[in-house]
Amino acid sequence: MLTNPFLTLAQARALHLGAQGLLEHPSSRATANALHQCIARMQLLQIDTIHVVARSPYLVLFSRLGDYPNHWLEAALSGGQVFETWAHEACFAPADDLLLHRAYNRSLRQHWGLNHAKKTYAHQSRHLNKLLAHIADVGPVKSSDFERTEGQGGAWWAWKDEKRWLEALFASGELMVARRENFHRVYELTRRVAPHALTQEAAGQSPDPAMVHRQFIEKSVIALGIAQARWVNDYFRIKPRLKDADLQPLVEAGTLHRVVVDGWDAPAYVHHSHQTLLKKAMRGVLQAQHTAVLSPFDPVVWDRERALTLFDFDYRLECYTPEAKRVHGYFVLPILCRGELIGRLDAKAHRGDGVLEVKRLYSQGPKGWNAEQVLDVALALWRFGRWQGLTEVMIGVTQPARMAVALRRALAHIQNLPSAV
C-alpha cells in the first residue's frame, strides 16, 4: 500500500458509501440473510420509535436493501441473529458482538442510559430483585403488563417505576429483549435468551474491556470506510474523543492506513480490511449510482460534523426542537443521490389513504436539481412509498418552487411504467 494515499473528496465519499452499502442500488431481491449481513456491515442499527413515515431501523435497511418485509428484523431479533444494546444509542447489533458489548457496558462505556440504570440499581435494588424473580416465575414481560387500570395500581407498582426498572435491568445485562411485539420490547432473563454468553463469562472468557475498546475503534473505522480521528469515538460512543496520536499505534501495526483527502485539514484513516475498496477509490472505480431517502438516524448523517465535512451537508434533526424554531420540519429525511446529499424532505405517511405526503422538500443548493436528479429522486420516492404500501406520492412545497412541477411530472411518468421499475 502506498504511503499516505491521496483521495479526492468524491473518492472519499464513494469509499464511505461503499463501506455503508449505499454506493449502488441493490442488484438482487432482498433476503433475510442479506438483512443480517447489512446490520453486520454497519455494526449498529439505531432504534427510534417515531413513525410519521417508516420507523428508522426499517428505513435504514430499506435504503440499502430495497423492498423487504419489516418482520424480517423482528425475526432476526427473536431468532438470535441480532440483539439490542446501548451503544451509539439504543441499537440492534450482530449477535457475534454480544460479549463485546456486555463487557464494555459493564466497565467503560459512559452513556446516559447506562448511568441512569446504575443510579436506579443503587437506590432500588429491592424492587429490581423482586421484578427479576417475577420474570423468572412467569416468563417474558412487557412494560405494558404493569400499567395502571382505571386509576388503580397494577401488580405491584405504577407503570413509570416498572418501565424504569425493566430498563435498568436491561442496561445492566440481567435482562435482554427477547423479541418485539408491535415494536414494543419483550424482556426476558439473559440466561434464557443467551445462555451461551453467561456460560462464557462464567468460564472467564469475557473479553478484556481495554481490548474491546480497541476493537470498537477498528469496527468504527471499518463501518465508516474512511474517518478522521475525531469522528471515531462517536460511532460506538466510546470515550474520550480520539486524536491522531491515539491511532498512531494502529497505523504502525498496519491495522489502519493514513490517507490524505483533498481539502481536509486533518488526515483520514482506512482499515486494512478495506484495502481493496481503497485501491478502487484511488483509481476512481467506485462510482456512486444509488439514490435513496435516508433516515435521520442513518449512520451516514448521525454525526453532524462528519456529514458536513464529507458531504457539505449541515443536518440537524428537528423533531425535538419547538415547532416555532424548526427550519425544515418535524421528521426531515436527507436525500442521497449518486454520491451526494442533494436535499432533504419533511414527509408523512397517510397509511389509511395510501398516500406518501412530501410536505416540504428542499434542494441543497439554490439552483435546484437537474433532470437526472429529479427523475432519480422521484423514482426513490415512488419505491419508498410502494414499500410501505402507499400508492400515491403527493408533492407539496419545494425550494426552489419550480422543482414541484418537475417532480410531479416525473412521478406521473414513473407510475405509467411497468411495475418492475
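Start by selecting S220, which touches V232, Y235 and F236, leaving aside residues up to four places away in sequence (a contact means heavy atoms within 4.5 Å). S220 sits in helix α10, and with a relative accessible area of 0% it is buried (buried is under 20% relative accessible area, exposed over 50%, partly exposed in between, using a 1.4 Å probe and protein chains only). Helices here are DSSP runs of H or I with at least four residues, strands are runs of E with at least two, and both are numbered from the N terminus.

A word on what you're looking at: this is a predicted model, where local features need pLDDT of at least 70 and side-chain atom pairs count only at pLDDT 80 or more, while totals for chains, interfaces and linings use all residues. Residues are numbered from 1 along each chain as its sequence is written, and side-chain values use heavy atoms, with hydrogens and water left out.

Next, select helix α14, residues 304–311. Which of its residues are buried? They are R306, A307, L310 and F311. Look down the axis of α14 and these buried residues fall within an arc of 100°, so they line one face of the helix (the arc is taken over the directions from the helix axis to the C-beta atoms). An α-helix has 3.6 residues a turn, so residues three or four places apart point the same way. Show α1 (9–20), α10 (209–224), α11 (229–236) and β12 (340–350) too: they are among what covers the buried residues of α14.

Now check the ends. At the start of α14, a side-chain oxygen of D303 comes to within 3.1 Å of the backbone nitrogen of E305. After α14 comes D312, with a positive phi near 55°.

While you're there, click T309, also in helix α14. T309 is partly exposed, at 24% relative accessibility, and touches L9, Q228, W231 and W264, again not counting residues up to four places away in sequence.

Stop next at the loop between α11 and α12 (244–252), where you'll find P240. The peptide bond joining K239 and P240 is cis, with omega about 0°. R237 is in that loop between α11 and α12 as well, and its phi is positive, near 55°, though it isn't a glycine. Most residues other than glycine have a negative phi, and most peptide bonds are trans. For another cis bond, go to Q399 and P400, where omega is near 0°; P400 lies in the loop between β14 (392–399) and α16 (403–415).

A cavity is a set of points on a 1 Å grid over the protein atoms alone where a 1.4 Å probe fits but cannot get out; a pocket is an open set with protein on both sides within 12 Å along at least five of seven lines; lining residues have an atom within 4 Å of a point. Volumes are the space filled by probe spheres set on the points, with grid points joined across faces, edges and corners.

Select I47, D48, W86, A90 and W112: of the 41 residues lining the largest pocket, these are closest to its centre. That pocket holds about 970 Å³ of space, and α7 gives the largest share of its lining, 7 residues.

Finish with T85, R102, N105, F170 and G173, which lie nearest the centre of the largest cavity, lined by 17 residues. Its volume is about 170 Å³, and α5 contributes most to the lining, with 5 residues.

Definitions and conventions
A polar contact is a pair of N or O atoms within 3.5 Å; within protein, one must be able to donate a hydrogen and the other to accept it, and residues adjacent in sequence count only if both atoms are side-chain atoms.
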